[in-house]
Amino acid sequence: MKYSPLLIMGLLLVLVSIPGLRGNPATVHRYHRRKVSPEDAPRYGRLMGLGTLAIGMSIVLTAVLLMLFHLETLFFIILTGLAVGLGFILYAQFKYNRGIF
């Protein structure tokens, strides 16, 4: 139960990613998506949702493996998921929003 907060945080990120995966960018702050055109909004939402899902799933996987094996070296899974997720998010930001803000 030591890693249950990590599991809960990962599951919340997975839940937050679902609207984005369906093409709805509403979970992204308005100022982060103000330059996104209406026709690009579904693609932008999917990429943002995919990035959030990658981060959330890596946290869930790490929490489950830590609960089973108690190896602190498994935190590299979170770092990998964070890098992949941030890659998707930054790609979406620069491609569709033409910048971070």
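What pattern does the chain follow when you read along the sequence? Here it is α-α-α. Hi everyone, and thanks for having me! Please keep in mind that what you see is a predicted model.

Let's start with the overall picture. The chain has three helices and zero strands. Taken along the principal axes, its C-alpha atoms fill a box of roughly 45 × 20 × 20 Å. If we take the contacts with a separation of 6 or more, 70% of them join residues 24 or more positions apart.

Now, let's go inside. Of the 101 residues, 41% count as buried. The largest nonpolar core has 18 residues, and Leu 6, Tyr 44 and Met 48 are those with the most contacts inside it. Helix H2 and helix H3, which spans 76–96, each supply at least two residues of this core. The largest share, eight residues, comes from H2.

Let's finish with Tyr 31. Where is it placed? Tyr 31 lies in the loop between helix H1 (4–21) and helix H2 (41–69). Why does Tyr 31 count as partly exposed? Because its relative accessibility is 42%, and partly exposed covers the range between under 20% for buried and over 50% for exposed.

Definitions and conventions:
Residues numbered from 1 in each chain as written. Predicted model: local features only at pLDDT ≥ 70, side-chain atom pairs only at ≥ 80, totals over all residues. Heavy atoms only, no water. Helix = DSSP H or I, 4+ residues; strand = E, 2+ residues; numbered from the N terminus. Buried < 20%, exposed > 50% of the residue type's maximum accessible area, 1.4 Å probe, protein only. Core = buried A, V, L, I, M, F, W, Y, C linked by side-chain atoms within 4.5 Å. Contact = heavy atoms within 4.5 Å.
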